[in-house]
Amino acid sequence: EEIIDPHIESEIRPLGKDSAKNYMYTYVLVFGLYFMIMMYGQLIATSVASEKSNRAMEVLVTSTKTTYLIFGKVIGGALAGAMQFALVLGTAALSYKLNAKAWGGAIDFLFEIPGSVILSFAIFGILGYLFFAFIYGALGALVSRTEDISASATPITLIFIVVFMVSMFGMQNTEGIVLKIASFVPFSSFMAMFVRLSMGSVSNLEVAISLGLLAISTGLIGLLASKIYRMGTLMYGNRVKLKDAFKILRSK
């Protein structure tokens, strides 16, 4: 029996980051970011569309820089969403710590998130949130009725869902080529690169390139959104498709 079934002692030592240990809190943070963008993006678009019924907006748009208006609205929405998400996580962590003995420490790992992971989530998450918030704000300006927002935002929403699915499936293999490519595309890098940072091994150069592309793209999208916002706020009637809005901007 000893020859057939020998007793072997072993010790597991993760080389690099422990992906299995980091999986749950990465999953929670990515899922939270997904819901935050979906919910507050729609709210920003609805807010912009509903303002078109107020004639005072025509005075504001023609008398002040639209960059200030759209940036103020988006940043305000971003702060509200970030504060709400932080309060939810903070309340959950505090409640668990007060009752940790009753739980027997069963989910300690879920709230023991390293500071580096929190920092990377905050930087990439906020930039990604602003990126999509600007897009939703511009789409809200292209409709005259709040009922048309869903139809106008459908293409962007579908892209965002694909980004979310790529990131979630990428958690199973952080070295996959699809996740690596997605971590450099501004539409998806805020989620994909965070997953790689949290669960895999990424060089500082890759992080810098991804962050730089995302920051520049967010700024450019913000400027483009301000132009669409100015044009769309003064247009009434049927909703304007995004491709038609680009044609109008190019013709000016």
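This report describes the fold, helix packing, aromatic pairs and selected residues of one predicted protein model.

## Basis of the model

The structure is a predicted model, in which local features need pLDDT of at least 70 and side-chain atom pairs count only at pLDDT 80 or more, while totals for chains, interfaces and linings use all residues. Residues are numbered from 1 along each chain as its sequence is written, and side-chain values use heavy atoms, with hydrogens and water left out.

## Overall fold

The protein chain holds 11 helices and 0 strands, where helices (H or I, at least four residues) and strands (E, at least two) are DSSP runs numbered from the N terminus. Along the sequence the pattern reads α-α-α-α-α-α-α-α-α-α-α.

Of its 252 residues, 40% count as buried; buried means under 20% relative accessible area, exposed over 50%, and partly exposed in between, with a 1.4 Å probe and protein chains only. Among contacts with a separation of 6 or more, 79% come from residues 24 or more positions apart, a contact being heavy atoms within 4.5 Å.

## Helices α3 and α6

Two packed helices are described by the angle between their axes and the distance between the axes. Helix α3 (residues 66-98) and helix α6 (residues 115-141) have axes that come within 10 Å and cross at roughly 135°; axes are lines fitted to C-alpha atoms, for helices over the stretch in contact, and angles run from 0 to 180 degrees between N-to-C directions. The two helices, α3 and α6, are therefore oblique to each other, given that angles under 35 degrees count as roughly parallel, over 145 as roughly antiparallel, 65 to 115 as roughly perpendicular and the rest as oblique.

On the α3 side the contact is made by I70, F71, V74, I75, G77, A78, G81 and F85, and on the α6 side by F121, Y129, L130, A133, F134 and G137. By class, this contact of α3 with α6 has 11 nonpolar, 3 polar and no charged residues, with Ala, Val, Leu, Ile, Met, Phe, Trp, Tyr, Cys and Pro counted as nonpolar, Asp, Glu, Lys and Arg as charged, and the others, Gly among them, as polar.

## Helices α7 and α9

The axes of α7 and α9 lie 9 Å apart at an angle of about 10°, which makes α7 roughly parallel to α9. Here F160, V163, F164 and S167 of α7 meet F190, M191, A192 and V195 of α9, and the contact comprises 7 nonpolar, 1 polar and no charged residues. In α9, 11 of the 11 residues are buried, so this helix is largely enclosed by the rest of the structure; its buried residues include R196 as well as F190, F194 and L197.

## Aromatic pairs

A search of the whole structure finds 17 aromatic pairs, for which rings of Phe, Tyr and Trp (its six-membered ring) must have centres within 6.5 Å, with planes under 30 degrees apart counted as stacked, over 60 as edge-to-face and the rest as tilted. One of them joins F160 and F190, a stacked pair at 6.4 Å centre to centre with 5° between the planes. This pair links distant parts of the chain, since F160 belongs to helix α7 (residues 149-170) and F190 to helix α9 (residues 189-199), 30 residues apart.

Both partners are enclosed: F160 is buried at a relative accessible area of 0%, and F190 is buried at 1%. One aromatic cluster is formed by Y23, Y27, F31, Y34, F35, F131, F132, F160, F164, F187 and F190.

## Selected residues

In helix α6, V117 is buried with a relative accessible area of 5%. Not counting residues up to four places away in sequence, V117 touches Y25, L29, F194 and S198, and its C-alpha atom is 8.1 Å from that of F194, 77 residues apart along the chain. In the loop between α6 and α7, V143 is buried at 0% relative accessible area, and its C-alpha atom is separated by 6.2 Å from that of A49, 94 residues apart along the chain.

T157 lies in helix α7 and, at 13% relative accessibility, counts as buried; leaving aside neighbours within four places in sequence, T157 is in contact with M38, Q42 and Y136. I221, placed in helix α10 (residues 204-233), touches F131, F134 and I135, again not counting residues up to four places away. I221 and F131 are 90 residues apart in sequence and 6.8 Å apart in space, C-alpha to C-alpha.
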